[in-house]
Amino acid sequence: MGSSRVPFLTAKLQGFGTTIFAEMSALAIRTGAVNLGQGFPDTDGPTEVLEAAKTAIDTGFNQYPPGPGMPVLRQAIAEHQLRFWGLAYDPDTEILVTTGCTEAIAAVLLGLCDTGDEVLVLEPTYDSYQACISLAGATPKFVTLRPPAYELDLDAVRAAITPKTRLMLINSPHNPTGKVLTTTELQGLADLAIEHDLLVATDEVYEHLVFDGLEHVSLASMPGMRERTLVMSSGGKSFNTTGWKVGWICAPAPLVTAARTAKQFLTYVSSGPFQPAIAAGLRLPDEYFEELAADLQIKRDRICAGLTEAGFAVYRPSGTYFVTVDIRPIRPDGDGLAFCRELPERCGVVGIPNVVFYENKAEGRHMVRFAFCKRHEVIDDAVARLKGLSR
Ligand SMILES: Cc1ncc(COP(=O)(O)O)c(C=O)c1O
């Protein structure tokens, strides 16, 4: 987030200047640095998925798809939710296809939150949450996850709930910490949501990227939660297709209707030929998803070992494809933003300063996030460069 006032920009969006991802990716291109900043994989997704998109283009799926999404995709989303998370949704009334999870987040916040409402979010916070909460005229209330284990402080959640709280926006597996909420933490959130009659939106884009034998559990699957929860996800992270932007919302019909009302005036529809392709991905056998996580776990181990050798204090993630380090052993003043701005010139690597994900800046000032959804040789190259820092 930029802090200077941007001319012409609405008050709602002041402070949300150019995202750090754009700044850091531009820096990576200008300096030729290894980009471990923005989280995009550097290998293509499964052949079946890529071929399905090509076939869709070749066979005429190039015009507006239906508003709620193509039936083949809504059916595949329903099957996927049932197969992996035990949640049954009616593809005709309880599933909405969106332009990535980004639009799902926007549609949920714009469609279900009014001016003056409060939205409870976990800090550090994925950057679009705050901007969309602000666009909705609502106010974020932060509950901070703290290293090394990033346990959820349920007393802090309780304390953050007020009569104005409308919705809890929960991300697990969590970007940028790599935290996977435990069933005890999810149960605690469920109890509070039910007690205070709150809506819940869950951002599950990293649902298949979980390590060490842990399991992703959708908050919607806890008793009493399905009726109040909007599950949001997308195909970008699961099928290495972050550029396709095919996302979805699964929820009871009245909640989907509210989100769809906002969504229809954002994009109406998108991603025509990619919709049947993501449907093919969602129908891949269990082994595909197991191998995806297993491969990333090896990369997680490789980068954590390398970053430790490079001198950082490393917070090992249980999910996602991000790892956070404390830079203070290498840079005692702990200025993560300055460190990331200098890093490409100093050693040819780009990372993201976690401070951008915090409202309470002191909590994240000294932390930097690296993405490890990259080929092994790229990770090794980046680590070798980072090792040069302490020499
Ligand atoms: C937590 C989280 N939510 C949502 C998104 C955006 O998902 P999509 O690319 O499907 O819009 C991302 C992308 O990095 C993310 O990390």
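**Helix packing and sheet organisation in the predicted model**

Helices H4 (residues 100-112) and H8 (residues 253-263) pack at an angle of about 105°, and their axes lie 7 Å apart. Here helices (H or I, at least four residues) and strands (E, at least two) are DSSP runs numbered from the N terminus, while axes are lines fitted to C-alpha atoms, for helices over the stretch in contact, with angles running from 0 to 180 degrees between N-to-C directions. The angle makes H4 roughly perpendicular to H8; angles under 35 degrees count as roughly parallel, over 145 as roughly antiparallel, 65 to 115 as roughly perpendicular and the rest as oblique. The structure is a predicted model, in which local features need pLDDT of at least 70 and side-chain atom pairs count only at pLDDT 80 or more, whereas totals for chains, interfaces and linings use all residues. Residues are numbered from 1 along each chain as its sequence is written, and side-chain values use heavy atoms, with hydrogens and water left out.

On the H4 side, the residues that meet H8 are Glu103, Ala107, Val108, Leu110, Gly111 and Leu112. Their counterparts in H8 are Leu255, Ala258, Ala259, Ala262 and Lys263, where contact means heavy atoms within 4.5 Å. The residues of this contact comprise eight nonpolar, one polar and two charged. In this grouping, Ala, Val, Leu, Ile, Met, Phe, Trp, Tyr, Cys and Pro count as nonpolar, Asp, Glu, Lys and Arg as charged, and the others, Gly among them, as polar.

Helix H8 also lies across strands S2, S6 (199-203), S7 and S8, running at about 25° to S2. These strands belong to an open sheet of seven, ordered S2-S8-S7-S6-S5-S3-S4, with mixed pairing. Two strands are taken to pair if DSSP finds at least two bridges between them. S2 and S4 (139-144) stand at the edges with a single partner strand each, so one side of each has no neighbour in the sheet. From one strand to the next, the twist averages 25°.

Strand S2 (residues 95-99) pairs with S8 (residues 246-250) in the antiparallel sense over five bridges. Within this pairing, Ile95 stands opposite Cys250 and Thr99 stands opposite Val246. Helix H3 packs on the sheet as well, touching S2, S7 (229-234) and S8, and its direction makes about 110° with that of S2. Although S2 is an edge strand, five of its five residues are buried, so S2 is largely enclosed by the rest of the structure. Buried means under 20% relative accessible area, exposed over 50% and partly exposed in between (1.4 Å probe, protein chains only).

Not counting residues up to four places away in sequence, Thr99 touches Lys245, Gly247, Lys263, Thr267 and Ser270.

Helix H5 (residues 127-135) is mostly covered, with seven of its nine residues buried. These are Ser128, Tyr129, Gln130, Ala131, Cys132, Ile133 and Ser134. Their cover includes H4, S3 (118-123), S4, S5 (165-171) and S6. After H5 comes Gly137, whose phi is positive, near 80°.

Two further helix pairs were examined. The axes of H3 (residues 71-85) and H9 (residues 274-282) come within 8 Å and cross at roughly 25°, which means that H3 is roughly parallel to H9. The contact joins Val72, Leu73, Ala76, Ile77, His80 and Arg83 of H3 to Gln275, Pro276, Ile278, Ala279 and Leu282 of H9. Eight of the contact residues are nonpolar, two polar and one charged. For H1 (residues 20-31) and H11 (residues 336-347), the axes come within 9 Å and cross at roughly 20°, and H1 is therefore roughly parallel to H11. Ile20, Glu23, Met24, Leu27, Arg30 and Thr31 of H1 make this contact with Leu337, Cys340, Arg341, Pro344 and Glu345 of H11. The residues involved divide into six nonpolar, one polar and four charged.

A separate open sheet contains four strands in the order S9-S10-S13-S12, with antiparallel pairing. Its edges are formed by S9 (313-315) and S12 (352-353), each with a single partner strand, so one side of each is without a neighbour in the sheet. S9 pairs with S10 (residues 322-326) in the antiparallel sense over three bridges, and Val325 in S10 is the bridge partner of Val314.
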